[in-house]
Amino acid sequence: MLGMPRRHDLDFVRVAAFMLLILYHVSLMYNSRTFLLKAPDSSPVFDVIHLWTHPWRMSLLFLISGAVTGMLLKRHSPDALRSARTRQLLMPFVLGLLFLIPPQMYVWLRADQGVDISFTDLLWHYATFTPVSLPNGGQAVLIGLQHLWYLAYLWLYTALITLAVSIWPNLLSTVGNRLAVWLSGRWMLMMPALLFVLLKLLLRPAFPPTLDIVTDWYNHAAYLLSFLLGAIMTSRDDYWDTIVHMRRPAMILAVVCAVGLTLLFPALPSDTPEIWRVATGRVFGGIFQWSAIVAILGYARIWCRSENAVVRYLNKAILTYYVLHQTVMLLIAYELDRAGLLSASSFLPIAVATFAVCALSYELKRRLEASWKAVFPARTA
């Protein structure tokens, strides 16, 4: 296993999932959910984007991250991997908090809350944690990770698993072998789906998602489960064979759940829906969460076995895209809103412009790094 080939299927799914995530975040300005900036008009089409992708998208990304972590732990020491992930994840996280979150707060205060504040004043409030007075008489403390929460959660899970493997080197293979009976055949589709349903029914009501790393217990349970499943699945090739074998029933089940959620919530509810509707939606959502992942991974395993130059390039660029995209899209949308041009018809132009700015930024970053290395070559011992 030390010489295991690169999983091009996981590269493809990772890139596609992040691209979908960017489109999803653009759609938040047009659907019925609360967001930092909202277009004056909305459409049920954008609610469908949420219903059909939100249950499984982040769990899929954490599972892929777990799988990559599991494979890297076969070739690198836990301490070396934890150190590399700290540099890779925490540096853009800190830089994002310093430079990317303040513009998002600025857009939110001016466009959504109607606060007349300069960017200089906002930076002072942001740096000193001084509350901003709102027109409704309330106050807002400018604290929040926004989309950067993913980097913090991923680093935390990576730190936990590398520390565990440091103590118990055979942890993943031992757990993988013991779970083989419960993750074979149809059980691969049924058992994780049941766990996700139970989490939604039992844990989510007590701990609704907050994206606060200290209190976000439901999300931690769901995403850490996904991360660990990915890491454990790298211990045995037959797990991936089972994923491929179960791809068709998983796809059918995912489509059924997507239709069921659409019928339950033809538009995202602005008020609290009935208890039965919430419970049924959580059952559908938990099953959808896992069946969509199995279907995507199964078909990708068949269709994406060879290396692709575009995917290889984007796989290196996608973290930069992710870190930049929400600030970029909000600033573009804010200028359109000031010009009276923000509407449902601007969804695609904003999405395309966001991708373009992220692509140009990554190219600039890549060329600056190459120039730096040329001027200051790394010294070898």
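Tutor: In this predicted model, L202 is exposed, because its relative accessible area of 65% lies over the 50% cut-off. L202 is located in helix 9, which covers residues 187–203. The residue also belongs to a nonpolar surface patch of about 500 Å², made by L194, L195, L198, L201, L202 and V283. Helix 9 supplies the largest share of that patch, with 5 residues.

G285 is buried, because its relative accessible area of 5% falls under the 20% cut-off. Leaving aside residues up to four places away in sequence, G285 touches P55, K200 and L261.

Helix 3 may be considered last. This helix runs over residues 57–72 and contains 16 residues. From its first C-alpha to its last, helix 3 reaches 23 Å, close to the 22 Å expected at 1.5 Å a residue. Helix 3 is also mostly covered, with 15 of its 16 residues buried.

To draw these points together, L202 is an exposed residue in the nonpolar patch, whereas G285 is buried and helix 3 is mostly covered.

Note on methods. Residues numbered from 1 in each chain as written. Predicted model: local features only at pLDDT ≥ 70, side-chain atom pairs only at ≥ 80, totals over all residues. Heavy atoms only, no water. Patch = residues over 30% accessible without salt bridge, like charges linked within 9 Å, V, L, I, M, F, W, Y side chains within 5 Å. Areas by Shrake-Rupley, 256 points an atom, 1.4 Å probe, with all protein chains shown as cover. Salt bridge = Lys/Arg side-chain N within 4 Å of Asp/Glu carboxyl O. Helix = DSSP H or I, 4+ residues; strand = E, 2+ residues; numbered from the N terminus. Buried < 20%, exposed > 50% of the residue type's maximum accessible area, 1.4 Å probe, protein only. Expected span 1.5 Å × (residues − 1). Contact = heavy atoms within 4.5 Å.
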